[in-house]
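Open the model in your viewer and keep the selection tool ready. The stops below go from one selection to the next.

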Amino acid sequence: MEAVGPRESESVPPRRLGGYTGVGAAAVLTLGDAVVTAWARNLTRQPRDLPWMDSSSGRPARDPGHVDLRLAVLWRLFN
């Protein structure tokens with residue numbers, strides 16, 4: 001679980017952005033010499049206002065609410 005408190009945007013004049021909470025998960029699997037790790041963030045899929053301005057439109061940026069997935073594989077190779 002992650003939480004971000006209230007903050008101000010970088011727009012002129014600054015506007016107040018509300019806080020939010022997010023949910024994530026992680027899993028680790030070990031198979032012999034290999035370690036597989038998977039992470040998932042933003043499982044609530046809620047769009048959020050971001051503190052910076054979108055340079056292409058000049059409007060406040062907004063996170064579309066996609067789930068972030070990451071996968072890592074570590075394989076130890078010995079001679």
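How many salt bridges does a search of the whole structure find? The search finds three. Keep in mind that this is a predicted model.

Select Glu2 and Arg41 first. Their side chains meet in a salt bridge, 3.5 Å from N to O. The pair links distant parts of the chain: Glu2 belongs to strand 1 (residues 2–4) and Arg41 to strand 6, 39 residues apart. Glu2 is partly exposed, with a relative accessible area of 27%.

Asp68 lies in strand 9 (residues 68–75) and Arg41 in strand 6, so the pair ties together parts that are 27 residues apart in sequence. Asp68 is partly exposed at 35% relative accessibility, and Arg41 is partly exposed at 40%.

Is Thr37 buried or exposed? Thr37 has a relative accessible area of 15%, so it counts as buried, the cut-off being under 20%. Among the residues that Thr37 touches are Ala27, Val28 and Leu71.

Next, select strand 7 (residues 48–53) and strand 8 (residues 60–63), which pair in the antiparallel sense over three bridges. Arg48 has Asp63 in strand 8 as its bridge partner. In this hairpin, six residues lie between the strands, and Gly58 takes a positive phi near 80 degrees.

Finish with Asp49 and Arg62, a salt bridge whose closest N and O atoms are 2.6 Å apart. Asp49 is in strand 7 and Arg62 in strand 8, 13 residues apart.

Notes:
Residues are numbered from 1 along each chain as its sequence is written. This is a predicted model: local features need pLDDT of at least 70, side-chain atom pairs count only at pLDDT 80 or more; totals for chains, interfaces and linings use all residues. Side-chain values use heavy atoms; hydrogens and water are left out. Two strands pair if DSSP finds at least two bridges between them. Helices (H or I, at least four residues) and strands (E, at least two) are DSSP runs, numbered from the N terminus. Buried means under 20% relative accessible area, exposed over 50%, partly exposed in between (1.4 Å probe, protein chains only). Contact means heavy atoms within 4.5 Å. A salt bridge is a side-chain nitrogen of Lys or Arg within 4 Å of a carboxyl oxygen of Asp or Glu. Lists of a residue's contacts leave out its neighbours within four places in sequence.
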